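Visitor: I would like to learn how to read a protein model. Please take me through it feature by feature.

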Amino acid sequence: MTAVKERVRHIPNIGVRAAEKADIGLIARIEKDSFADAWSEADFVSVLAFPQTIFLVGEDGDSGAVVGYAIALAVLDESEILNLAVEPALRGHGLGGKLLDAALSSAAERGVKSVFLEVRESNRPARRLYGSRGFEEISRRRGYYRTPVEDALVLRLAMQR
């Protein structure tokens, strides 16, 4: 994970590591602060158990607190980014991008050729982040999100060989 830590060096004292069951409480708190349709702690525990899961956390090196996370599933040559969030007070400092980059790197190591995700149409910061990494819109899911009801944009990234 040294290479991952190098990529987050401009964020003071933040490292990226694999998530552990003990992190779930902090992850769920960030989730509730980030999304109207928040996952439950049980949802996070469940996805952590799948061998296909890429589940990373950003950790404050001073306090040990989880300050962000990224979750993806990698099956055969495809991956889906399921969730990515950063502690609200730390947004805009590049941690979301570093978590995404680490998840994409892990997916590439597993032989993934395409990565998909859904994003709220109104979530401009997330759309900018994904666009900066080469994700392109391929479709729309009308009324996909419930609270509030909103379309999801389906994005795809063709991984570099």
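Guide: Begin with contacts, meaning heavy atoms within 4.5 Å. In the protein chain, take contacts between residues at least 6 apart in sequence: 58% of them join residues at least 24 apart. This is a predicted model, where local features need pLDDT of at least 70, side-chain atom pairs count only at pLDDT 80 or more, and totals for chains, interfaces and linings use all residues. Residues are numbered from 1 along each chain as its sequence is written, and side-chain values use heavy atoms, with hydrogens and water left out.

Visitor: How many helices and strands are in the protein chain?

Guide: Both are DSSP runs numbered from the N terminus: helices are H or I with at least four residues, strands are E with at least two. The protein chain has five helices and seven strands. Their order from the N terminus is α-β-α-α-β-β-β-α-β-α-β-β.

Visitor: What radius of gyration does the protein chain have?

Guide: The radius is taken over C-alpha atoms, and the globule rule is 2.2 Å times the number of residues to the power 0.38. For 161 residues a compact globule would come near 15 Å; the protein chain has 15 Å, so the two agree. Along the principal axes, the C-alpha atoms fill a box of roughly 45 × 40 × 30 Å.

Visitor: What share of the residues count as buried?

Guide: Buried means under 20% relative accessible area, exposed over 50%, and partly exposed in between, with a 1.4 Å probe and protein chains only. Of the 161 residues, 43% count as buried.

Visitor: How do I read aromatic pairs?

Guide: Two things describe a pair of aromatic rings: the distance of the centres and the angle of the planes. Rings of Phe, Tyr and Trp (its six-membered ring) pair if their centres lie within 6.5 Å; planes under 30 degrees apart are stacked, over 60 edge-to-face, the rest tilted. The count here is five aromatic pairs. In one of them, Phe44 and Tyr69 sit edge-to-face, 5.6 Å centre to centre with 85° between the planes.

Visitor: Where in the chain are Phe44 and Tyr69?

Guide: Phe44 is in helix α3 (residues 41-48) and Tyr69 in strand β3 (residues 66-75), 25 residues apart, so the pair links distant parts of the chain. Both Phe44 and Tyr69 are buried.

Visitor: Why is the pair of Tyr144 and Tyr145 called edge-to-face?

Guide: Their ring centres are 5.0 Å apart and their planes stand at 90°, so the pair is edge-to-face. Tyr144 is partly exposed, at 40% relative accessible area, whereas Tyr145 is buried, at 15%.

Visitor: Which residues do ring pairs link into a cluster?

Guide: Trp39, Phe44, Phe55 and Tyr69.
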